[in-house]
Amino acid sequence: MSHGFEMQPAVRAGIDPDTPALLRPVARALNVINQAMVVLGMLALLVAACVLTYSVVSRYVMKASTDWQDEAAVFCLVGATFLCGAFVQSMRGHVGIEAMAGLLPRSVNRLRLMLVDLMCTTFCSFFAWKSWTLFHEAWAEGQTTSSSWAPPLWVPYGLMALGMTLLSLQLLVQLTARVNGLFKPHSGVPA
């Protein structure tokens, strides 16, 4: 569906040509890690689907109690969601509102995109730091969920912290590429 403003198609995962040479090894490592996280995310979604299907069958067909299935599925979904965030960001696949993009001059739009990357990097870095503090507290204090199964809370907090750290690194690499790109003349391709 067209809204009058044609934007670039989705970007394939890869290294932005404007990425500084110093960060290119980090960008390459992130690409490899992101691919591995997507595979883990797919497996986690598959496991969550199987666990929830088993839960329904065992509860309604075999009349058995289910006390661990919901938490196991939630842990898998938390892992899949957070660990795959950096991969989605590497393709610039997160939801973005681009109503202003077609109205602004190209140079102002590039500056706007850089500021958005800066704000996202700042927010996600703060979120990652807070996630690591939650992970540490859960680990050090032996926190568990309140269910009868009582799995340790460091597991979802660790998945959340790792995922947000990867997302922050991905955003930082993309931010530096965006800043580099501000100082290069562009040939009519929108940012």
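User: What am I looking at, and how many helices and strands does the protein chain have?
Analyst: This is a predicted model. The protein chain has five helices and zero strands. From the N terminus, the order of elements reads α-α-α-α-α.

User: How much of the protein chain is buried?
Analyst: Of its 191 residues, 32% are buried.

User: And what share of the contacts comes from residues 24 or more positions apart?
Analyst: They supply 74%, counting contacts in the protein chain with a separation of 6 or more.

User: On to packing. At what angle do α1 and α5 pack?
Analyst: About 140 degrees, with the axes 11 Å apart. Helix α1 covers residues 24-60 and helix α5 covers residues 154-182. That angle makes α1 oblique to α5.

User: Is that crossing left-handed or right-handed?
Analyst: The crossing of α1 and α5 is left-handed.

User: Which residues make the contact?
Analyst: From α1, they are V26, A27, L30, I33, N34 and M37. From α5, they are L166, L169, Q170 and V173. By class, the contact of α1 with α5 has eight nonpolar residues, two polar ones and no charged ones.

User: Now α2 against α5. How do their axes cross?
Analyst: At roughly 10 degrees, and the axes come within 8 Å. Helix α2 is residues 69-83. The two helices, α2 and α5, are therefore roughly parallel to each other.

User: Which residues of α2 and α5 make that contact?
Analyst: On the α2 side, F75, V78, G79, F82 and L83. On the α5 side, V155, P156, L159, M160, L162, G163 and M164. The contact of α2 with α5 divides into 10 nonpolar residues, two polar and no charged.

User: What does C124 touch, leaving out residues up to four places away in sequence?
Analyst: C124 touches M164, L167, S168 and L171. C124 and M164 are 40 residues apart along the chain, yet their C-alpha atoms are separated by 6.3 Å. M164 is also one of the α5 residues in the contact with α2.

User: Last topic, backbone. What is phi of K63?
Analyst: Near 55 degrees, a positive value in a residue other than glycine. K63 sits in the loop between α1 and α2. K63 is exposed, with a relative accessible area of 66%.

User: And phi of A150, what is that near?
Analyst: Near 55 degrees, again positive and in a residue other than glycine. A150 lies in the loop between α4 and α5. A150 is partly exposed, at a relative accessible area of 28%.

Notes: Residues numbered from 1 in each chain as written. Predicted model: local features only at pLDDT ≥ 70, side-chain atom pairs only at ≥ 80, totals over all residues. Heavy atoms only, no water. Axes fitted to C-alpha atoms, helices over the stretch in contact; angles between N-to-C directions. Helix = DSSP H or I, 4+ residues; strand = E, 2+ residues; numbered from the N terminus. Parallel < 35°, antiparallel > 145°, perpendicular 65-115°, else oblique. Left-handed = near helix turned anticlockwise from the far one by under 90°. Contact = heavy atoms within 4.5 Å. Nonpolar A, V, L, I, M, F, W, Y, C, P; charged D, E, K, R; others polar. Buried < 20%, exposed > 50% of the residue type's maximum accessible area, 1.4 Å probe, protein only.
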